[in-house]
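Please read them with the structure open beside you.

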Amino acid sequence: MFYAKVLDNYAYTKLKAKDTTNVEKQLIRALKIRDSLNDSSGLAISHFNLAEFYILKKDTSKALENAKKSEEYSLASKNNKRLLQAYDILTSIDPINASNYAHKYIVLNDSLIAEERLIQDKFTRIKYETDEVIEEKEELEEQKQILISFVIGALLLAFAIFIIGSQYVKNQKLRFEQEQQETNLETFNLMLDQKGKLAQAKQEEQLRISQELHDGVLGSLTGIGLILKATNKRADEEAIAERLDLIKQLQETAEEIRTISHTLSAASSKKMQNFTNSIIELLHNTGKASNIKTSFTFDKKIDWDSLSAEIKINLYRMIQEGVQNCVKYSKAENILLDLSMKNSNLSVILSDDGVGFNLQKKKEVLD
């Protein structure tokens with residue numbers, strides 16, 4: 001089963017890279033292995049990948065056959081994610097039943113969203129109840145401290161009355177009380193310091209999440225908006241397919257929001273495991289929607305995936321923002337991107353052949 005999964009993933013990766021050499025043979029091989037193991041979930045994946053392959057080869061009949069089998073095995077294995085993808089692809093290749101598949105897609109997607117909301121509500125309720133328990137614990141702890149302080153004070157008073165006739169014991173008592181006060185002061189100062197650090201950490205985390213939402217989610221939504229503007233002017237099948245692809249991107253954006261809320265760094269790191277392919281996909285989607293030719297060059301000797309997750313995420317967002325600005329303002333016909341690294345210095349050059357802007361005019365406005 002593991003070999004079939006690796007073989008299928010390898011062939012699908014080549015397919016996404018537009019390299020169809022032996023892809024059909026490898027996908028069918030993985031399919032046969034999974035069929036012999038009666039792996040319904042794996043069969044749903046294999047048939048879906050074959051459907052995408054035949055779509056690329058413009059063999060609609062085979063693509064439709066495999067897409068329907070993917071739907072069948074997805075239902076059998078209760079794989080809702082793969083079932084959504086099967087409905088999506090069936091909508092694009094089966095125009096006769098497109099409305100039916102689109103309806104199924106919407107119904108299933110809405111039900112999944114409803115389930116996610118129920119789960120979120122449960123977590124919210126658990127968090128609320130946990131906060132109540134913490135507050136009750138803090139109140140009990142405070143009452144305990146008050147009681148302890150009262151008992152200590154009473155004991156000290158009784159001890160002072162008991163040894164009032166002895167000057168030596170009285171001096172010992174005074175020294176003890178002084179040390180106790182110093183300890184309490186030190187404890188109080190430590191508590192204040194910890195509260196300050198906690199507030200600062202909370203503020204920094206809020207700022208980080210705010211920046212991620214602005215740089216990541218807002219950038220994605222802006223790009224999708226630009227592409228939608230371009231595709232809304234067309235009503236052909238390609239435009240419909242592009243809009244369906246944008247629905248996927250919106251779902252990915254929603255997933256990204258959830259990822260940020262559960263610590264964005266880990267999920268983003270996974271999405272950036274193949275950094276250069278992510279950049280290629282970004283430029284391809286932009287060029288396809290805006291009719292702008294894109295070119296991407298980079299040093300293939302460098303292992304770009306070895307960069308830290310933070311650098312890859314910020315670099316991707318920077319390129320994404322720059323490309324969107326080219327589409328929105330430059331009126332360019334070509335966009336060129338070059339990545340290189342020398343002596344640990346990373347170089348990013350993004351250029352276009354658009355109209356540019358008047359530097360003198362900008363300077364006069366600033367003055």
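1. E71 lies in helix α4, where helices (H or I, at least four residues) and strands (E, at least two) are DSSP runs, numbered from the N terminus. With a relative accessible area of 10%, E71 is buried; the terms used here are buried for under 20% relative accessible area, exposed for over 50%, and partly exposed in between, with a 1.4 Å probe and protein chains only. The C-alpha atom of E71 is separated by 8.8 Å from that of H47, a residue 24 positions away along the chain.

2. Before going further, please note that this is a predicted model, in which local features need pLDDT of at least 70 and side-chain atom pairs count only at pLDDT 80 or more, while totals for chains, interfaces and linings use all residues. Residues are numbered from 1 along each chain as its sequence is written, and side-chain values use heavy atoms, with hydrogens and water left out.

3. A search of the whole structure finds three salt bridges, a salt bridge being a side-chain nitrogen of Lys or Arg within 4 Å of a carboxyl oxygen of Asp or Glu. One of them joins E71 to K104, with the closest N and O atoms 3.7 Å apart. This pair links distant parts of the chain, since E71 is in helix α4 and K104 in helix α6 (residues 98-162), 33 residues apart. On the E71 side the residue is buried, whereas K104, at 29% relative accessibility, counts as partly exposed.

4. Another salt bridge is made by the side chains of E52 and K16, at 3.5 Å from N to O. E52 lies in helix α3 (residues 40-56) and K16 in helix α1 (residues 2-16), so the pair ties together parts that are 36 residues apart in sequence. E52 is buried, its relative accessible area being 16%.

5. K69 and E65 also form a salt bridge, with 3.5 Å between the closest N and O atoms. Both residues belong to helix α4 (residues 60-77), and because they are four residues apart there, about one helical turn separates them. K69 is partly exposed at 31% relative accessibility, and E65 is likewise partly exposed, with a relative accessible area of 42%.

6. How many aromatic pairs does a search of the whole structure find? There are two, where rings of Phe, Tyr and Trp (its six-membered ring) pair if their centres lie within 6.5 Å, and planes under 30 degrees apart count as stacked, over 60 as edge-to-face and the rest as tilted. One of these pairs is formed by F53 and Y54, which are edge-to-face at 5.4 Å centre to centre, with 70° between the planes. F53 is buried, with a relative accessible area of 3%, and Y54 is buried as well, at 9%.

7. On the surface, L147, F150, V151 and L155 form a nonpolar patch with about 430 Å² of accessible area together. Patches are made of residues with over 30% relative accessible area and no salt bridge, like charges being joined within 9 Å and nonpolar side chains (Val, Leu, Ile, Met, Phe, Trp, Tyr) within 5 Å; accessible areas come from the Shrake-Rupley method with a 1.4 Å probe, and for residues only the protein chains shown count as cover. L147 lies in helix α6 and is exposed, with a relative accessible area of 53%.

8. A negative surface patch is formed by E129, E132, E135, E136, E138, E139 and E142. For charges, Lys and Arg count as positive and Asp and Glu as negative, while His and the chain ends are not counted; the place of a charge is taken as NZ of Lys, CZ of Arg, CG of Asp or CD of Glu. E142 is in helix α6 and counts as exposed at 52% relative accessibility.

9. Most residues other than glycine have a negative phi. K58, however, has a positive phi near 65°; this residue is in the loop between α3 and α4 and counts as exposed, at 73% relative accessibility. N22 likewise has a positive phi, near 60°, and is partly exposed, with a relative accessible area of 47%.

10. Finally, T91 is in helix α5 (residues 80-93) and is buried, with a relative accessible area of 16%. The C-alpha atoms of T91 and H103 are separated by 9.5 Å, the two residues being 12 apart along the chain.
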